[in-house]
Amino acid sequence: MGFLGSVFGIIGFGIGLPLGLLIGFFFFIYSKPKKVEDPIVRPLSELDTCALLDLLPEIPLWVKNADYDRVDWMNKVITEMWPYLAKAIPGIIRSTAEPIFQEYIGKFMIESIEFDTISVGDLPPLLYGLKVYETNEQELVLETPIRWASNSNISLVIKLMSLNITVQLVDLQVFSTARISLKPLVPSFPCFSNIVVSLMEKPHVDFGLEVLGGDIMSIPGLYRFVQETIKKQVASMYLWPQILEIPVLDASTAAIKKPVGILHVNVVRAHKLLKKDLLGASDPYVKLSLTGETLSSKKTTVKKKTLNPEWNENFKLIVKEPESQVLELQVYDWDKVGGHDRLGLQLVPLKQLTAYETKEFTLDLLKDTSIRDYQEKKKRGKLEVEMTFIPFKENSLKYINGPLDAYGKAESVIDRASDDGSHGGAGLLTVFVQSAEDVEGRNHNNPYAAVLFRGERKKTKTMRRTRNPLWNEEFQFMLEEPPLNEKIHVEVLSKRGLISFLSKESLGLVEINLRDVVDNGRINEKYHLINSKNGKIHVEIRWTTV
């Protein structure tokens, strides 16, 4: 039977193969092809409810939501760059993952974990729309849905008890919505210090996982378990308000110097100053300034006709870098006509001071700060000063330099006031006039902003021929107590050219209650201008205690 079965099988194959080819050729030649009809294209308005529900998830966000913009150009850029990114990304994956693998070597009888293949494939991720958020902070916030259906191939070789086990990750797919913040914006290229990324929804992650050639994701129940585990792990690290922060600029380059304390200077007296006037003694006064500051210098009163003046006058200066800043003291002889003659100067590095401790200095005045001047034999007198550095409270510094929460707010610098109802003592009121919108004058548009507080008036630079000026200027007021029941007056004005006293025009004003600033530590708002049709001004105010 075995022999006969083999013979009949060979005969059947020999007859069936030609016969099958003949019949197939007959159908191929004589059968008529069916007419292929074009698909029916109908507008969305003609579709029924069920068809719309099936179709809507696939419609890009820029169609469903007018706040999202099309980003076809960005997808084209990513597509063109992807071959080069696909070569760079494996190196990043390897350098990031290998330190993590080292933690598991020696545990669970694992001898080694190494990458065998890292390929992210040739299919780039795509952006399905882009939304830009407008905030009052110094940041740019973008939100975009991302879909990446890749043909990636990543394989690991795990050596376990002298046995090599290959684990392969294939066909990774990731769908999610990412919020990307470029902040803070700084005047150094590329104009932002960090990229902050967070996910706005739990990501959908799908992939194939093969171990020793078999797809373990086909095991019943394992697929759903792995999906939920990945979602939970990724959400715990990157789901908003959790963030991934990527530094772009070096901290020393991008850092915007913030006040860290106040320097109290008491100019006590001077001895044996030079006589500059031909008739009689000098009329000395002292000018004080900190290096690295653009604020105007402080000045003592002028003491008439004396070479041994007594002042006992106190000044406060804002300190930003106590380790590098220097106090410059210059003594001048006041003259009615012409420039004032400098009698001498001296420098005091702030790093010589200890916080909260008053230190007395008796300084030998020099002609200038050159090295040869130290060998000058001519005596220019001595200057006595007392200096005390008072740093801001720790929570104030944390607020000034620390990150804001998701709504652009921060913890109070005084912890919502202390339990006994006290709002602290002296402090620094900082007014940051950023910009204005839609300010329009009757005769001209050369706007500038004036800040008036406790009789002290400060103003920004003038922006010519614009209705939307951008100033970004900061003003500071040192106060002995919190301004709980006070208001600050901010007015936008315009002036015409040279004869400004004849042509000033008010474009709008606002009065801001400072109690909220003291209670919250900071406000950052856009205010509608009084006496202006559509004008707004963007002002940020901080209160920092010492």
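**Pairing, burial and contacts in a predicted model**

Me: Which other strands pair with E4?

Reply: Strand E3 (residues 131–133) is joined to E4 by 3 bridges, antiparallel, and Val132 stands opposite Leu142 in E4. E3 and E4 form a hairpin with 6 residues between them. E4 is also joined to E6, antiparallel, by 10 bridges; there Glu143 has Arg179 in E6 as its bridge partner.

Me: Why is Ser150 called buried?

Reply: Buried means under 20% relative accessible area, exposed over 50%, and partly exposed in between, with a 1.4 Å probe and protein chains only. Ser150 has 6% relative accessibility, so it counts as buried. Ser150 is located in the loop between strand E4 (140–149) and strand E5 (153–160).

Me: What makes the approach of Ser150 to Ser152 a polar contact?

Reply: The term covers a pair of N or O atoms within 3.5 Å; within protein, one must be able to donate a hydrogen and the other to accept it, and residues adjacent in sequence count only if both atoms are side-chain atoms. The side chains of Ser150 and Ser152 are joined at 3.1 Å. The Ser150 side chain also reaches the backbone oxygen of Leu172, at 2.6 Å. For contact in general the rule is heavy atoms within 4.5 Å. Beyond its neighbours within four places in sequence, Ser150 is in contact with Val120, Leu123, Asp171 and Leu172.

Me: Why is Thr301 called partly exposed?

Reply: Its relative accessible area is 40%, so Thr301 falls in the partly exposed class. Thr301 is in the loop between E13 and strand E14 (310–319). Its side chain and that of Glu313 make a polar contact of 2.4 Å. Leaving aside neighbours within four places in sequence, the contacts of Thr301 are Pro284, Tyr285, Trp311 and Glu313. Thr301 and Val286 lie 15 residues apart in sequence and 7.8 Å apart in space, C-alpha to C-alpha.

Me: What makes strand E13 (298–299) an edge strand?

Reply: E13 belongs to an open sheet of 4 strands in the order E13-E12-E15-E16, with antiparallel pairing. E13 and strand E16 (341–349) each have a single partner strand, so one side of each is left without a neighbour in the sheet. The partner of E13 is strand E12 (residues 284–290), joined to E13 by 2 bridges; Leu288 has Lys298 as its bridge partner.

Me: How do you know that strand E7 (residues 192–199) is largely enclosed?

Reply: Of its 8 residues, 6 are buried, so the rest of the structure largely encloses E7. E7 is joined to strand E6 (residues 163–185) by 7 bridges, antiparallel, and to strand E10 (residues 244–247) by 4 bridges, also antiparallel. Lys183 has Asn194 in E7 as its bridge partner, and Ile195 has Ile246 in E10. E6 and E7 form a hairpin with 6 residues between them, where Cys191 in the turn has a positive phi of about 80°.

Me: How much of the whole chain is buried?

Reply: Of its 546 residues, 38% count as buried.

Note on methods: Residues numbered from 1 in each chain as written. Predicted model: local features only at pLDDT ≥ 70, side-chain atom pairs only at ≥ 80, totals over all residues. Heavy atoms only, no water. Pairing = 2+ DSSP bridges.
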